[in-house]
Amino acid sequence: MTTATATAAQGARRRRRGFGAWWAWVVFILGALYFILPLIGVFAHSIRTRPDIFLAYRQVFADPAFFRGLGYSFLAGLLTVVISLLIIVPTAYWVRLRVPQLRPVVEFVTLMPFVIPPVVLAFGLIRIYSQGPVRLASTDTGLNVMLVGAYVVLSFPYMYRAVDTGLAAIDVRTLTEAAQSLGSGWARILSRVIFPNLRTSLLSGAFLTLAIVIGEYTIAQVLARTTAFAPYLSLLGRNQPYQPAAVSLISFGLTWLAMILIAFLGRGSRTRVQVAGAR
Amino acid sequence: MADVAAVREQEARIAPPAPSRLSWSWLGLVPFFLFCTAFLFLPVAFLVIGSFNDRAGNLTLQNYADLSTGIIPGAFANSIEVSLVTAVAGGVFGFLLAASVVLGGLPRVLRSGLMTFSGVASNFAGIPLALAFIFTLGTLGFLTTLLQSLGLTGFRGVNLTSKLGVEVVYMYFQFPLMVLIIAPALEGLRREWREAAENMGASAFQYWRHVALPILTPSILGAMILLFGNSFGAQATAFQLTGGTLPLVTLVISSQIRGDVLHNPGLGYAMSMGMVVIMGMSILLYTLLQRRAERWLRS
């Protein structure tokens, strides 16, 4: 029996070192096909125009609505990132340093967007701000404010996590005390000591936020932000034959870029998982 | 919600000795709570209160009673069915896929490739995803025409406006998410456990049946619950695919916002509350299961 076990163990080891088990290959290839086929499909569709196979791309790049949509959503994403960072970094820092007893409360609040689906949040926003004293929903600017506000809330779960992870990696207390003993005030400590030390985690949170905001449809649609990228693409998808395929592929490329940047920034750390995106 | 686990892990590491005397320190959190009040608490509170009021503003439970009328029970049933199917199917397939690179001995490069691709795919959702599938598996899609030219003349593509169609598309972001969540758990299976089992004469099946799966079960269940919530809250993908013809809870709520299709805003609020309750329960279950999973997978 010992020999049998030894052989089995050797077999297992050989399998591990070698080419891999057959079932692993079957599953992996199936998964790869599921990943890749829709991308091939969308690419094939985008170059179906004849005789000029790149006509769809030419049309997209000649379309001001495309750049307007991308520009609008990119700007919304940037604002979201900036506001989110300005709120979350001091908050996470303060919780860690001065009010750790409130930590569960803050954590619970940052997790709330997971429980409240975007469509529900948007529903609440549009209803509360279309009546009462603050009628944000009646002006364009107001609706833009609501949009970015909602995105900032959506970004809280992973932004807080990213910042908190970053804060865990540095010795906040010592750094703060050192800065204080050298005569720094709170603003200076945050901007000159804490922010720079968190750069990596802040950037990965920022790229994730940016990617999500650019692809977000539900809230933009509910708040009638039809210039935004996803509503533009949605409309295009109903009206045009080939351009939507080209834009979808570009959108995929943007997601890919954001993820590669995050992977590049977060080398060595575990992959961050988020599920508050633009489903 | 997926990295609740990661948070807890960090919590364990950092436990700074805190001056817990009551002071004015909480004032530092005022900006955060003010912002949350404006864009999170107030809208949600409005929905909660609205769900208990009738049109004239009187307190009532009628909105909740009305949830059993019209298309609403069907919408909840559809949403729950789609989410269950994609959570279980995506969970099983994602588990196998993660196992194939973690335990199946595939070349390491495939593993990092899969993890990066999963990160992208789990975020590639919404309108572009729906369009990609329409161009691939729709009536005139790439795969449909390819299969037809290969002799499968009867293949008409997948009806993407049906429940099955939505499920097929949701799988695209469901199983990559499973891969991302479950891979760390699989990596946490210690080699010693397998060796101990082998030394005692266990077959591979016995090892999985009595050692690995019992350890992994809370992680797998927790991850599947997460996938459930992930699918349950999805709206954009299904909207682009079906144009709203398939009643899912999120689609009914969004059409309620556009025009008062339910002829009663209170009913929309009550539906929203129903969603929040279901999502809340799944997060709670996930957290509980995760706590259990960590008992073994702490390294």
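Trainee: In which loop of chain A does A:Ala224 lie?

Mentor: This is a predicted model. The place of A:Ala224 in it is described by the two helices on either side, α11 (218–222) and α12 (229–239) of chain A. A:Ala224 lies in the loop between α11 and α12.

Trainee: Is A:Ala224 buried, partly exposed or exposed?

Mentor: A residue is buried if 20 or more other C-beta atoms lie within 10 Å of its own, and exposed if 12 or fewer do. A:Ala224 has 15 C-beta neighbours inside 10 Å, and therefore counts as partly exposed.

Trainee: What is the phi of A:Ala224?

Mentor: Most residues other than glycine have a negative phi. A:Ala224 is a residue other than glycine with a positive value. Its phi is near 60°.

Trainee: Is the peptide bond from A:Arg50 to A:Pro51 cis or trans, and where does A:Pro51 lie?

Mentor: A:Pro51 lies in the loop between α2 and α3 (55–61) of chain A. Most peptide bonds are trans. The bond from A:Arg50 to A:Pro51 has omega near 0°, and is cis.

Trainee: Which helix gives the largest share of the side of chain A that touches chain B?

Mentor: The contact takes 89 residues from chain A and 83 residues from chain B. Of the side of chain A that touches chain B, the largest share is 15 residues, and it comes from helix α2 (residues 22–46) of chain A.

Trainee: How many nonpolar residues does the side of chain A that touches chain B have?

Mentor: By class, this side of chain A includes 21 polar and 12 charged residues. The nonpolar residues number 56.

Trainee: What is the angle at which α7(A) and α2(B) pack?

Mentor: Two packed helices are described by the angle between their axes and the distance between the axes. For α7(A) and helix α2 (residues 30–51) of chain B, the axes are 10 Å apart. The two helices are roughly perpendicular to each other, because angles of 65 to 115 degrees count as such. The angle is about 90°.

Trainee: Which residues in α2(B) meet α7(A)?

Mentor: From α7(A), the residues involved are A:Gly149, A:Ala150, A:Val152 and A:Val153. The residues of this contact divide into 6 nonpolar, 1 polar and no charged. On the side of α2(B), the residues are B:Ala38, B:Phe39 and B:Leu40.

Trainee: Which residues does A:Val163 touch, not counting residues up to four places away in sequence?

Mentor: Not counting residues up to four places away in sequence, A:Val163 touches A:Ile88, A:Val89, A:Ala92, A:Leu198, A:Ser201, A:Leu202 and A:Gly205.

Trainee: Is A:Thr176 buried or exposed?

Mentor: A:Thr176 is found in helix α8 (residues 172–181) of chain A. Beyond four places away in sequence, A:Thr176 touches A:Leu97 and A:Ile189. Because 20 other C-beta atoms lie within 10 Å, A:Thr176 is buried.

Trainee: How many helices does chain B have?

Mentor: Buried residues make up 46% of the 299 residues in chain B. Chain B has 0 strands, and its helices number 13.

Note on methods: Residues numbered from 1 in each chain as written. Chains lettered and ligands numbered in written order. Predicted model: local features only at pLDDT ≥ 70, side-chain atom pairs only at ≥ 80, totals over all residues. Contact = placed C-beta atoms within 7 Å. Helix = DSSP H or I, 4+ residues; strand = E, 2+ residues; numbered from the N terminus. Nonpolar A, V, L, I, M, F, W, Y, C, P; charged D, E, K, R; others polar. Axes fitted to C-alpha atoms, helices over the stretch in contact; angles between N-to-C directions. Parallel < 35°, antiparallel > 145°, perpendicular 65-115°, else oblique.
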